Amino acid sequence: MINVQGHTLSPGDIFSLLWIFGVVLLRPIRMIPMMLVTIGDCYTSTRRVEKFLNLKEEKSCVDREVKLENDRVIYALKFENVNVNLSSEHCLKNINLSIAKQELIAVVGSVGSGKTTLLKSILGFYPHTSGHISIFDHSVNHLSLEKRREFFSYVPQDMFIINSTLRNNITLAYTDHKKD
């Protein structure tokens, strides 16, 4: 028996108090890290949804069909003195580029040199402020965005990681894959 401020506590009372402290009080405290991870995941997901919802609707330039390829065309893609400005800043200035039909090229350069900006200007994500871009001798200004983008494949460099296994991050799946 233990006396605490004039009250006598039996071993059963002490055991009950320890159980109450361990189960009722410590379990919620142990859940705090999991709660913080969940809050972080919710914040990240909310930011992604917000970024998607704030995207501006893309306008189609022209809806008429254009037959692009013919035997006389030399260049599949051509830039002539193209300038791209983003938020009043010159990103690409006086770009001249010619890519022949069936030519395979690689655009390489240091970080921030404009490789992605060049590609996004071709795809219409960033409009060019001056100069001329043509695909198979047709100005991109006369092609709908859908038609323009039919010629390109693009894997963005923006990445995100889901709170799951490496396998699920690579396959972008949220469910577990069971081995057969």
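Colleague: Is cysteine 42 buried, partly exposed or exposed?

Modeller: Please keep in mind that this is a predicted model, and that the values I give are computed from it. Buried means under 20% relative accessible area and exposed means over 50%. Cysteine 42 has a relative accessibility of 45%, so the class that applies to cysteine 42 is partly exposed.

Colleague: Which class does cysteine 91 fall into, and how many disulfides are counted?

Modeller: Cysteine 91 has a relative accessibility of 30% and therefore counts as partly exposed. A disulfide would need a pair of cysteine sulfur atoms within 2.5 Å, and by this rule the number of disulfides is zero.

Colleague: How many salt bridges are there, and which side chains meet in a salt bridge?

Modeller: The rule asks for a side-chain nitrogen of Lys or Arg within 4 Å of a carboxyl oxygen of Asp or Glu, and the count by this rule comes to one salt bridge. With a distance of 3.3 Å from N to O, the side chains that meet in a salt bridge are those of glutamate 50 and arginine 47.

Colleague: Where do glutamate 50 and arginine 47 lie, and by how much of a helical turn are they separated?

Modeller: Glutamate 50 has a relative accessible area of 37% and is partly exposed, while arginine 47, at 44% relative accessibility, also counts as partly exposed. Both belong to helix 2 (residues 32-53), and because they are three residues apart there, their separation is about one helical turn.

Colleague: Which residues form the nonpolar patch on the surface?

Modeller: One member, phenylalanine 21, is found in helix 1 (residues 11-30). Phenylalanine 21 is partly exposed, with a relative accessible area of 46%, and a patch residue must have over 30%. Together the members have about 640 Å² of accessible area, and they are Phe15, Trp19, Ile20, Phe21, Val24 and Leu25.

Colleague: Which elements cover the buried residues of helix 3?

Modeller: Helix 3 spans residues 115-123, and its buried residues are Thr117, Leu118, Lys120, Ser121, Ile122 and Leu123. Just after helix 3, glycine 124 takes a positive phi of about 90°. What covers the buried residues of helix 3 includes strand 3 (75-86), strand 4 (89-100), strand 5 (130-135) and helix 4 (145-149).

Colleague: Is serine 139 buried or exposed?

Modeller: Serine 139 sits in strand 6 (residues 138-139). Not counting residues up to four places away in sequence, serine 139 touches His132, Ile133 and Ser134. The relative accessibility of serine 139 is 10%, and because buried means under 20%, serine 139 counts as buried.

Colleague: Finally, for the chain as a whole, in what order do the elements run from the N terminus, and what share of the residues count as buried?

Modeller: The chain holds five helices and six strands, and from the N terminus on they run β-β-α-α-β-β-α-β-β-α-α. The accessible surface of the chain comes to about 14,400 Å², with 59% of that belonging to carbon and sulfur atoms. Of the 180 residues of the chain, the share that count as buried is 19%.

Conventions. Residues numbered from 1 in each chain as written. Predicted model: local features only at pLDDT ≥ 70, side-chain atom pairs only at ≥ 80, totals over all residues. Heavy atoms only, no water. Helix = DSSP H or I, 4+ residues; strand = E, 2+ residues; numbered from the N terminus. Buried < 20%, exposed > 50% of the residue type's maximum accessible area, 1.4 Å probe, protein only. Contact = heavy atoms within 4.5 Å. Areas by Shrake-Rupley, 256 points an atom, 1.4 Å probe, with all protein chains shown as cover. Patch = residues over 30% accessible without salt bridge, like charges linked within 9 Å, V, L, I, M, F, W, Y side chains within 5 Å.
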